[in-house]
Amino acid sequence: MGTKKELIAAIDAGTTGVRCCIFDIYGQEISSGYYRTPTFYPKPGIVEQDAETIINLTYKAVADAVSHNSINPRDITALCITAQRNGFVPIDRNDKFLSKMFIWQDQRGAAVHPYMREMLAVNGISLEDFYQVNGQPIGTFQAGNKVIWLKQFEKELYSQTVKFVTPHAFLIKAFGADECVEEGNDISCWLVADADTQKINTNLCKIFGIDANKFLNAVSPGTKVGNVSSFAASQTGILVGTPIYIASGDQQCGALGAGNYGTSDIVTVCMGTAGLCIAYSPKTVRHLECKCNIQGYPVGGYTMEAHSSSCMSSFAWARDMLLSERNLENLDINILATEMASKSLVGSNGVIFLPWLQGAECPHYNDTARGAFIGMSLATRKSDLIRATMEGICFENRLMLETLLQNHDCSKKILRVLGGASNNELWNQMQADIYGLPVETVTAAECTALGAAIICSVALNIYSDYKEAVGNMVHLKERYLPDRENKISYDKTYSFWGACYKGLEKATG
């Protein structure tokens with residue numbers, strides 16, 4: 001099966017930062033490197049990153065991981081890459097980046113939603129019919145609506161574009177792949193694809209006026225896409241010729257790294273820059289009310305996902321606004337959460353936080369929704385506001401879970417929590433109390449990178465299948481059970497929280 005000297009270097013190019021973790025074949029993180037990714041907000045609703053910067057920071061993260069802890073590059077069996085989803089940058093025929101990268105938080109696509117609905121109606125396709133084909137509700141986070149926006153509002157740039165290139169694609173090319181290809185599990189997020197086959201649908205392309213040839217070829221997770229080039233080796237310390245494998249989308253990798261080897265029993269809750277709740281199905285699946293997204297999964301089968309647009313971005317905003325006088329540069333977000341929120345009580349002394357700082361996704365799909373603190377008084381303290389932020393994020397997760405698991409017996413589900421908040425006992429217990437379900441965590445600090453390494457381990461035949469790989473590389477850490485009294489209290493607050501959204505939605509039209 002291999003030896004402990006068999007190491008896998010896993011790159012996770014997420015929204016907040018780029019990371020490289022080096023794992024042994026038992027899932028132990030041996031070394032790592034990390035750099036924050038600059039994000040630009042030139043106008044309200046516009047959110048961008050720079051592809052060249054991401055590439056250079058990824059080189060630096062890998063170099064740090066290789067240079068730490070006396071890693072021998074000869075022990076690195078392979079390099080595998082996972083990346084944020086729903087981002088893309090247009091390139092010309094010379095592979096030149098033509099603009100900043102559109103990322104999933106960008107809301108420009110909302111401008112073309114009326115056009116999309118009109119074109120579907122003209123072609124006799126209802127929104128329900130569209131969902132049955134594409135498996136995606138029309139929201140702002142998908143890449144596809146931004147492609148349509150580009151065609152309508154940046155016509156010259158669109159005409160210069162030869163391909164829309166995802167972070168997966170430009171990173172594998174930067175490390176030595178012969179060509180840009182994308183990983184196929186997220187093709188439906190272009191909004192012009194078949195969710196079951198995960199292939200571009202030329203009929204949908206015609207309906208929305210999009211050139212199907214501008215999309216990349218897709219490959220399966222675990223595909224070898226090239227070998228590390230001499231240039232990439234000089235930047236990182238990885239040996240020339242080290243094989244490069246494409247993993248899957250960052251959220252699929254996160255679910256795999258949290259232990260879902262392809263079972264419907266485990267539901268993952270990601271507390272990352274975005275919030276996601278992910279359930280697995282071995283067969284084709286659709287949400288009964290067309291509220292959840294359908295993606296492919298590395299082990300085969302599909303995931304049904306519920307998304308939020310902010311999650312830990314909302315907490316970071318509250319942290320920076322409320323504690324700006326403190327040095328936050330090196331302050332662990334989880335330490336801060338415990339320090340501040342623990343000074344308040346369950347229910348945050350009556351303060352409610354609505355976390356929609358970048359619009360609402362599942363199940364509301366309201367790009368005009370905005371965040372709010374409600375219920376403040378002269379007695380309200382900063383600790384109440386911080387705790388209310390945490391609770392509001394968890395309430396949104398509960399709403400997504402209830403949407404995702406509609407008509408399912410939730411008592412038989414195992415919730416695995418990942419993301420930055422999963423290292424915090426207060427937040428984990430809060431989630432168990434608010435969801436009313438046991439919450440489990442795993443020992444891996446970086447589930448997404450570990451999921452990529454698991455995909456690579458199967459591709460390398462270190463393990464025969466994903467169940468065996470997960471059994472050896474994923475290890476449970478803690479289990480949190482709901483506190484009955486807290487659950488009762490949170491149920492009342494959750495009802496009021498939901499009423500606050502409805503009231504503001506009605507008042508603002």
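The model is predicted, so local features need pLDDT of at least 70 and side-chain atom pairs count only at pLDDT 80 or more, while totals for chains, interfaces and linings use all residues. Residues are numbered from 1 along each chain as its sequence is written, and side-chain values use heavy atoms, with hydrogens and water left out.

## Cavities

Rolling a probe the size of a water molecule over the atoms shows where empty space is left. Here a cavity is a set of points, on a 1 Å grid over the protein atoms alone, where a 1.4 Å probe fits but cannot get out; lining residues have an atom within 4 Å of a point. Grid points are joined across faces, edges and corners, and a volume is the space filled by probe spheres set on the points. Searching the whole structure in this way gives two cavities of 30 Å³ or more.

The largest cavity holds about 170 Å³ of space. It is lined by 15 residues, of which Arg85, Asn86, Thr166, Glu182 and Asp186 are the closest to its centre. Helices (H or I, at least four residues) and strands (E, at least two) are DSSP runs, numbered from the N terminus. Helix α6 (167-175) and strand β9 (182-183) each supply at least two residues of the lining of the largest cavity. By class, this lining has five nonpolar, six polar and four charged residues. For this count Ala, Val, Leu, Ile, Met, Phe, Trp, Tyr, Cys and Pro are nonpolar, Asp, Glu, Lys and Arg are charged, and the others, Gly among them, are polar.

The second largest cavity holds about 30 Å³. Its lining consists of Val351, Ile352, Phe353, Ala388, Glu391, Gly392, Phe395, Thr493 and Trp497. Strand β19 (352-354), helix α12 (382-404) and helix α16 (484-508) each give at least two residues to the lining of the second largest cavity, and α12 gives the most, with four. Six of the lining residues are nonpolar, two polar and one charged.

## Salt bridges

A salt bridge is a side-chain nitrogen of Lys or Arg within 4 Å of a carboxyl oxygen of Asp or Glu. There are 16 of them in the structure.

| Pair | N to O distance |
|---|---|
| Arg85 and Asp186 | 3.4 Å |
| Arg85 and Glu305 | 2.7 Å |
| Lys173 and Asp95 | 3.2 Å |

For the salt bridge of Arg85 with Asp186, Arg85 lies in the loop between β5 (76-83) and β6 (89-91) and Asp186 in the loop between β9 and β10, so the pair ties together parts that are 101 residues apart in sequence. Arg85 and Asp186 are both buried, where buried means under 20% relative accessible area, exposed over 50%, and partly exposed in between (1.4 Å probe, protein chains only).

In the salt bridge of Arg85 with Glu305, the partner Glu305 sits in strand β18 (residues 302-308), 220 residues from Arg85. Glu305 is buried, as is Arg85.

Lys173 is partly exposed at 30% relative accessible area, and Asp95 is partly exposed at 43%. Salt bridges with shared partners also join Arg85, Asp186, Asp250 and Glu305 into one network.

Asn185 is placed in the loop between β9 and β10 (193-194). Asn185 has a relative accessible area of 8%, so it is buried. A polar atom of its side chain lies 3.4 Å from the backbone nitrogen of Tyr297. Contact means heavy atoms within 4.5 Å. Glu440 is buried because its relative accessible area is 8%. The side chains of Glu440 and Arg479 make a polar contact of 3.0 Å. A polar contact is a pair of N or O atoms within 3.5 Å; within protein, one must be able to donate a hydrogen and the other to accept it, and residues adjacent in sequence count only if both atoms are side-chain atoms. Among the residues that Glu440 touches, not counting those up to four places away in sequence, are Ile414, Leu415, Arg416 and Val417.

## Helix α13

Helix α13 (residues 425-435) has eight of its 11 residues buried. Among these buried residues are Trp427, Met430, Ile434 and Tyr435. At the start of α13, a side-chain oxygen of Asn424 comes to within 3.0 Å of the backbone nitrogen of Leu426. Gly436 follows α13 and has a positive phi, near 75°.

How values were computed: 1 Å grid on protein atoms, 1.4 Å probe; cavity = no way out; pocket = protein on both sides within 12 Å on 5 of 7 lines; lining within 4 Å.
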